[in-house]
2 protein chains.
Amino acid sequence: MDLLKQKIEKDGVVLSDSVLKVDSFLNHQIDPVLMQAIGEEFAKRFKEDGITKILTIESSGIAPALMTAITLGTKVVFARKRKSLTLVNDLLTAKVYSFTKNETNEISVSNNFINENDRVLIIDDFLANGQAALGLLEIVEQANAKAVGIGIVIEKAFQEGGKLLRDKGIKVESLAQIELLENGVVTFKEEVTV
Amino acid sequence: MDLLKQKIEKDGVVLSDSVLKVDSFLNHQIDPVLMQAIGEEFAKRFKEDGITKILTIESSGIAPALMTAITLGTKVVFARKRKSLTLVNDLLTAKVYSFTKNETNEISVSNNFINENDRVLIIDDFLANGQAALGLLEIVEQANAKAVGIGIVIEKAFQEGGKLLRDKGIKVESLAQIELLENGVVTFKEEVTV
């Protein structure tokens, strides 16, 4: 997705060989124009998949998931990393290990909002080691729903998450795939347009 | 806002005399159609106020803030409750005490995204004791920006937050004001239409 790649090149900050900071438009400040375009792009890529529900995880997944939901005409559910006071019963939960933070969070979703008839699209801002996406997949499975696809805004293709998920046979669509972060420069993976 | 009130009456669950659960459309599952209407309503109420930036707090504030930003044509910044690994320098911070959770969180915003020229609209999903809104106001002040208004989706008018904020002379717009939660029934405050 060209608009996104241009934005990453212009405003992304390469903090190290594994960390790209995109807090000026994606995960702290949000650029609504870009976010609308992201939602429309995800919707285009999954429009034939009969999606009935979008599942994401707080906080940075909410904006792209919501914009996709608007175009696809579905509702969004976001998994919580911390339990809500009013969200206590009938929880679907999964453990998600964060390599960067070196901690495990239990994420949770009320089972009122995903059921066995749902065809679920998982959306997240980043894909690195794939732990969050795997946790969301586990929740979809617990609900006996069908995980139809995974939409990622920025995939760090040099980490193993993408391979892990694609090896499961799941359709994974990443709007920008980063091959390398080096010397402050972002190198994108060549896109294979089908 | 009638659509919102109807939704609260139909799908809100009164858990106690102080807790209203709206996780089926506002703060866990999100109804995009309602959220678009909420954004348009906030935009209408603040369209003459020269807003340049919208400030909210993760996670449930993000959706209404983003939808408002799309209509007003501004960017959104969401305050974090937990520090990000890539968000470490130049932070504006405020302490926010949660009465319901009985804990204090430090919320933070990068000072790259609010400056002294900004006219800031604060958006949040709930207003009860007003602690989150006060924390966000403190952050706006630290940035030497101007807090122009506060937009709240659901105000618990029987708690003191609304009075606290309005007594500061700030324009506070709540799309649904709840006067009473009692015996499972939601009573809305009469709206004074100006």
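This is a predicted model: local features need pLDDT of at least 70, side-chain atom pairs count only at pLDDT 80 or more; totals for chains, interfaces and linings use all residues.
User: Why is B:I114 called buried?

Analyst: A residue is buried if 20 or more other C-beta atoms, placed from the backbone, lie within 10 Å of its own, exposed if 12 or fewer, and partly exposed in between. B:I114 has 22 other C-beta atoms within 10 Å and is therefore buried. Its place is in the loop between strand 7 (103-110) and strand 8 (119-127) of chain B, where helices (H or I, at least four residues) and strands (E, at least two) are DSSP runs numbered from the N terminus.

User: Which residues does B:I114 touch, not counting those up to four places away in sequence?

Analyst: Contact is defined by C-beta atoms, placed from the backbone, that lie within 7 Å, and among the residues that B:I114 touches are B:L55, B:V77, B:V120 and B:A143.

User: Why is B:N144 called exposed?

Analyst: B:N144 has 12 other C-beta atoms within 10 Å, so it counts as exposed. B:N144 lies in the loop between helix 4 and strand 9 of chain B and has a positive phi of about 60° although it is not a glycine.

User: What makes the two copies related as by a two-fold rotation axis?

Analyst: In general, two copies of a chain are related by a rotation about an axis and a shift along it. Here a rotation of 180° with 0.0 Å of shift along its axis superposes chain B on chain A, with an RMSD of 0.0 Å, the superposition being by least squares on the C-alpha atoms of residues with pLDDT of at least 70 in both copies. The two copies are thus related as by a two-fold rotation axis. In chain B, the C-alpha nearest the axis is that of B:S59, 2.7 Å from it; B:S59 is found in the loop between strand 4 and helix 3 and is joined to B:E58 by a cis peptide bond, with omega about -10°.

User: How do you know that the copies meet through the same surface?

Analyst: Of the interface residues of chain B, 100% are also interface residues in chain A, so the copies meet through the same surface. The contact takes 31 residues from chain B and 31 residues from chain A, and the largest share of the chain B side, five residues, comes from helix 3 of chain B.

User: What makes strand 5 of chain A and strand 3 of chain B a pair?

Analyst: Two strands pair if DSSP finds at least two bridges between them, and strand 5 (residues 75-79) of chain A and strand 3 of chain B have two bridges, in the antiparallel sense. A:V76 stands opposite B:I30 in strand 3 of chain B.

User: How does the span of helix 2 of chain B compare with the expected value?

Analyst: The expected span is 1.5 Å times one less than the number of residues. Helix 2 (residues 32-46) has 15 residues and reaches 21 Å from its first C-alpha to its last, close to the 21 Å expected. Its buried residues include B:L34, B:I38 and B:F42.

How values were computed: Residues are numbered from 1 along each chain as its sequence is written. Chains are lettered from A and ligands numbered from 1 in the order in which they are written. Two residues are in contact if their C-beta atoms, placed from the backbone, lie within 7 Å.
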